[in-house]
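Subject: Handover of a structure

Dear colleague,

Please find below the structure that I am handing over to you. I would be grateful if you kept it open while reading the notes that come after it.

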Amino acid sequence: MGIGCGVGVALEGVHASVAALDALTALGALDAISALEREDAFLASGIAVGSGAALGSGVVIGPGVDVLQRRYEIRLERLELTARLEAQLAAMKARDAAEAIGFQQAMTPPDASIQDRTYAEMSAVEEIAGVLTVSSAAAGALVEQSRKICSLPPVFQALATGAMSWQHARIVADETEGLDPAGAAALVAHFFDPDAPHPARGAAPGELVPSRFRAKVRAWRERHHPETLQKRHAKGVADRRMEYTPDRDGMAWVSLYLPGDTACAIWNRTTATARGLQGPNEPRTITQLRPDIAASLLLGSASEPGKVPTPQADVLVMVPVFSLLGLTDEPAMLDGLGPIPASMARKLVAHGANSFYRVLVDPRDGAPLEIGRKNYRLTETIKRWIRMRDAKCTFPGCTNRTPDNETDHLQSWECGGPTGASNLAQLCPKHHRLKHHTQWTPDPATEDRSPGWTSPTGRHYKPEHPDPEPTYWPQWLMPTELRSSDTLSLDARCKDARCTDAKCHDAGCIDVPCLNIRCLEAGPEDLPLCEPDDDSFIDPDDLSPDDPLWAQLLATPLVPSR
């Protein structure tokens, strides 16, 4: 359902249910919660309950009350009341989201083109996303669901009175998607109108856990859908896709939306292959083998199922030099994912991608160094630089990290904007177009920070990219000016040469393996820390930003010594 359709119906349903929403407030749910708070505070005070005590507002504690049992019951009562209030607030949020889009449409000139109307609605959705601090996708889903719920008065009324949760209401919005108005009305009447010809039997919608309610709604939808399953399946096939979601601890999810028979065949094949590999010499579980087999098949190692090859692809990774050399275990940053273990980064550099691009960072503060250009056309080097600095689309709330994000001039080239890191930023195709067709305005960037944004209504959103942190330095190599005042001397640290995995005792070092052995084997006095006086070396400060040596340096694979 498009954002722009059915506004009148939605608002009519909203206004018809506002009275029910206000009625809930009049019932005094908040007053009831306050009364329970007073009662609980009285019980918690340790005052003995004898012949009874009155707390006002009709609350009386009788004699012989089991204090712990009553306080337990109060928690359950408060949870029940809070759930009703959350449903009420969800109804208010849905109403406001639907009306906001309606007002935006009303402000759009009648003779506006379809493109202008589309961008005006996109801008309104982005404003809602910023106000709620959610992604634009989440805000768009909220708007769609809100308008659908508001267009179905019985559903909105059940939500507004606290008879069911927002999750239940979303299920109705989801399952009526694709139905014509008559079909949606029939589904709602079946579950929410006790006077319907064949109403649903058993528990009311809000009395079922959401998963069971969805199962009942979906079963009814399948039986009464005006289109055949074959036609609906054909539409589903057209929506097939692969999705990628970064996760913590250097991990990520890859999911496939496929025809059921294809997905089942993939699952069965990986399971059968996994069972064939199991044996006394295979330590991996079947749960671990399945993803390894899928990865080996996708990455071209079908001859050795279950062995995951190193990715042979364009990989942009920022590895602190001390971590790359094995002096610390500081995590690296993989473009499109986030922090990865130092061992994984070393593996990528030594054996991995066809194209590994080194990114120079200032070891004093971790900030990337500037690369400049004096013409409009961007080199691949500076594009990769912006990818590393921004990590994703810089528009507020956007999480798009795909490599096809566009490097855009914040101040246009035609208006005198230079082609340098301080005037460039990553934008996904959607927000690139939105920037050029609406009043969303980016701030200037800096050499090491992404730009902030200002919305058409004047709300300002700070840049989301976190400040880089200083690189972890081995203490014997750290410059004096970077040492913290509480840094322990080398003599105060562990001198046990057999210690291989003890944590560093230096308060200025963050959870890296103890470096004492390395220090004992080669102390500061054994290392040439000063630059040699040799004319064959080039001072980087003597190179202009346009010098081709920069591009050559950044494109040179760096393989650590073993």
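The notes below set out what was found, topic by topic.

This is a predicted model, in which local features need pLDDT of at least 70 and side-chain atom pairs count only at pLDDT 80 or more, while totals for chains, interfaces and linings use all residues. Residues are numbered from 1 along each chain as its sequence is written, and side-chain values use heavy atoms, with hydrogens and water left out.

Overall picture

The protein has 18 helices and 13 strands; these are DSSP runs numbered from the N terminus, with helices being H or I of at least four residues and strands being E of at least two. Of its 562 residues, 39% are buried. Here buried means under 20% relative accessible area, exposed means over 50%, and partly exposed lies in between (1.4 Å probe, protein chains only). Among contacts with a separation of 6 or more, 58% are between residues 24 or more positions apart, a contact being heavy atoms within 4.5 Å.

Nonpolar cores

In soluble globular proteins, nonpolar side chains tend to be buried together. A nonpolar core is a set of buried Ala, Val, Leu, Ile, Met, Phe, Trp, Tyr and Cys residues joined through side-chain atoms within 4.5 Å. The largest one has 27 residues, and those touching the most other members are Val155, Val172, Leu187, Phe191, Phe192 and Phe213. At least two residues each come from α3 (67–107), α5 (136–150), α6 (153–160), α7 (166–175), α8 (181–192) and α9 (210–224). Beyond its neighbours within four places in sequence, Phe213 is in contact with residues including Val172, Phe191, Phe192 and Pro205. Another core, of 11 residues, lies apart from the largest one and has Tyr119, Met122, Phe395 and Leu427 among its members.

Salt bridges

A salt bridge is a side-chain nitrogen of Lys or Arg within 4 Å of a carboxyl oxygen of Asp or Glu, and the whole structure holds 16 of them. In one, the closest N and O atoms of Glu175 and Arg214 are 3.0 Å apart. This pair links distant parts of the chain, since Glu175 is in helix α7 and Arg214 in helix α9, 39 residues apart. Glu175 is buried, at 4% relative accessibility, whereas Arg214 is partly exposed, at 25%. Salt bridges with shared partners join Asp174, Glu175, Arg214 and Arg218 into one network.

Cysteines

How many disulfides does a search of the whole structure find? The search finds 0, a disulfide being a pair of cysteine sulfur atoms within 2.5 Å. For Cys398, the nearest cysteine sulfur is that of Cys393, 3.7 Å away. Cys398 is buried, at 6% relative accessibility. For Cys428, the nearest cysteine sulfur is again that of Cys393, 3.8 Å away, and Cys428 is buried at 4% relative accessibility.

Loops

Which residues other than glycine have a positive phi? One of them is Thr133, with phi near 55°; Thr133 is in the loop between α4 (114–132) and α5 and is exposed, at 70% relative accessibility. Asp249, not a glycine either, has a positive phi of about 60°. Asp249 lies in the loop between β3 and β4 and is exposed, at 66% relative accessibility.
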